[in-house]
Structures are given as structure tokens and as C-alpha cells.
Amino acid sequence: MSGLDVSAHGLVHIYRLEGNDVVALSGVDLDIASGEVVGLLGPSGSGKSTLLNLLAGLLRPSAGRLRVGEHDLTRLDEKGLARMRASDVGIVVQGAMRNLLPYASPIDNVRFAQRGARAISRADLPDPHEVLGLVGLADEAKTPLERLTPGQRQRLAVGVALGCRPGLLLLDEPTSQLDHAGRDEVLAAVDDVNRLIGTTVVAVTHDPEVAARLPRTVTIRDGRVGAEGRRGEDFAVIA
């Protein structure tokens, strides 16, 4: 599967907090081309993780339009969203071990992640060994997770999200709590995934050093796109 494009126009998300309506996103316009690597930046509470969860179909838009590839996320029912996540979209939530089965080997983690795609009769799933090779863990297929370094665990979390070779890979703070070596390992793995199989990548990060290494960055401020950047250079978005 090649990378999926993303299109969001007038995207709004409102949630209830202690009986009050809170506007998390207030009219996001964003287009991402197939095969792009994009970083979402912004302070805590700006709406960037909400946007990531909307792209994954884990939340529903309150208003606006949102499309991932051929999927209109404002029209899909829960079954359709589940099928999309099982086949076309991979997500890595913050904290590597939240994405992994701690008692299973790396190879078995990838096999388990492919179960959803098999259930909907995907016949083109990659070999789990190939997936581990893509994230630099070919030699760690049977290594217990407690013996992996933090960087290796995070790369395995990326590999698990790639188990069904999705067209869109979503990463929430993929380098948080890693030292510089671990951070560089993860960024290199993501770059390889994008370069070798063309997967579109959207990553939430608060780290300006990580953002500077991404081809394109989008800054979310007060629930809207406030600025964009290319290779670390920002420019304002005029609404």
C-alpha cells in the first residue's frame, strides 16, 4: 500500500468537561500529500493530539470535513472506522509499552497486530520478519522485551503499527523520554519507513530538535493552524 493523503477543512472538535463544552479544535484546515512526513507542534492543550486522534478515527469531528485516502471520516460508522484502523492507519500512542504486549516477543507482537487485518481478509500483509527489519530489529525477533533498550522498544512500537503496512502512520510523541541515541534511532526508523515503502507519517512532538529534522511542520495554536515550516524554518499562516 502506498501513502494515503489527508484533507481536513473547517475541522472542529468539541468535548464535554465537567458539564462545559470545551473547543479543542476550532476550524483546522490542513492538507497532507501522499508520502509526506509532517510534524504537529504546539503547547500542551493546543489540540495537536486531538487532531491525531481524529485522523485515527478514535474521535469524531464535531463539524467540518475530514478525509484519509478514500475514507470520509465524517460518514464512516464505527465498523467502518475499525476496518480503516485494521488495514489503512497505524497509530503509536505515547509511551512505547502502551503499544506492546509485555509478555510476547517482538515477532509475536507484530503477528498479533496483524490479526485485525487478517480478520478482514487482507491478503498482502508483510512477513513479520520483514517488518522488524524495516525498524532495525531483525536480530531481536525473539528477544524478551525487558532486554530491549528504550529506543528499541519505541522502534518496536512503530513496527507493530506497521504490521498491516498502513498508508498512514500516526505517532504521538515518539521520541519522548528517550536519550539522544534512542531519539536518533527512532527518527532513522521513521525515515526508512517513509523512504522505503512511502507511508505518510504524521507525528506529534514538543521537541524543537525533532521538529527541525522533519521535512514539514505544522504548529497548532488555540485549536487552529498557526504556522507552517519547512526544514526548521517557520512561516505564518494568514487566516
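Predicted model: local features only at pLDDT ≥ 70, side-chain atom pairs only at ≥ 80, totals over all residues.

Me: In what order do the strands of the open sheet lie?

Reply: Helices (H or I, at least four residues) and strands (E, at least two) are DSSP runs numbered from the N terminus, and two strands pair if DSSP finds at least two bridges between them. The edge strands, each pairing on one side only, are S2 (20-32) and S5 (71-72). Within the sheet, S1 (residues 6-17) and S4 (residues 63-68) run antiparallel and are joined by five bridges, with alanine 8 opposite leucine 66 in S4. The open sheet has four strands with antiparallel pairing, in the order S2-S1-S4-S5.

Me: Which helix packs on the sheet, and what angle does its direction make with that of S2?

Reply: Contact means heavy atoms within 4.5 Å, while axes are lines fitted to C-alpha atoms, for helices over the stretch in contact, and angles run from 0 to 180 degrees between N-to-C directions. The packing helix touches S1, S2 and S4. The helix is H1 (residues 48-55), and its direction makes with that of S2 an angle of about 70°.

Me: How many residues of H1 are buried?

Reply: Buried means under 20% relative accessible area, with exposed over 50% and partly exposed in between (1.4 Å probe, protein chains only). In H1, the residues Lys48, Thr50, Leu51, Leu52, Leu54 and Leu55 are buried. The helix is thus mostly covered, and of its eight residues the number buried is six.

Me: Why is S3 described as largely enclosed by the rest of the structure?

Reply: Val37, Gly39 and Leu41 on one side of S3 and Val38 and Leu40 on the other are all buried, which leaves both faces covered. S3 (residues 37-41) is largely enclosed because the number of its five residues that are buried is five.

Me: Which strands pair with S3?

Reply: Strands of a sheet pair through backbone hydrogen bonds, either parallel or antiparallel. Four bridges in the parallel sense link S3 to a strand at residues 200-204, where valine 38 stands opposite valine 202. Four bridges also join S3 to a parallel strand at residues 216-221, where leucine 41 stands opposite threonine 219. The partners are S8 and S9.

Me: Is valine 37 buried or exposed?

Reply: Valine 37 lies in S3 and, not counting residues up to four places away in sequence, touches Asn194, Val201, Leu214, Pro215 and Arg216. Because its relative accessibility is 12%, valine 37 counts as buried.

Me: What is the volume of the largest cavity?

Reply: On a 1 Å grid over the protein atoms alone, a cavity is a set of points where a 1.4 Å probe fits but cannot get out, a pocket is an open set with protein on both sides within 12 Å along at least five of seven lines, and lining residues have an atom within 4 Å of a point. Grid points are joined across faces, edges and corners, and a volume is the space filled by probe spheres set on the points. The lining of the largest cavity includes Val37, Leu187, Val201 and Leu214. The space in the largest cavity is about 60 Å³.

Me: Which residues lie nearest the centre of the largest pocket?

Reply: The largest pocket has a volume of about 350 Å³, and H2 (78-87), S6 (89-92) and H6 (150-161) each supply at least two residues of its lining. Of the 16 lining residues, those nearest the centre are Arg85, Ala86, Val89, Gly90 and Ile91.

Me: Which helix gives the largest share of the lining of the second largest pocket?

Reply: The second largest pocket holds about 190 Å³ of space, and the closest to its centre of the ten lining residues are Leu187, Asp191, Arg213, Leu214 and Pro215. The largest share of that lining, five residues, comes from residues 180-197, helix H7.

Methods:
Residues numbered from 1 in each chain as written. Heavy atoms only, no water.
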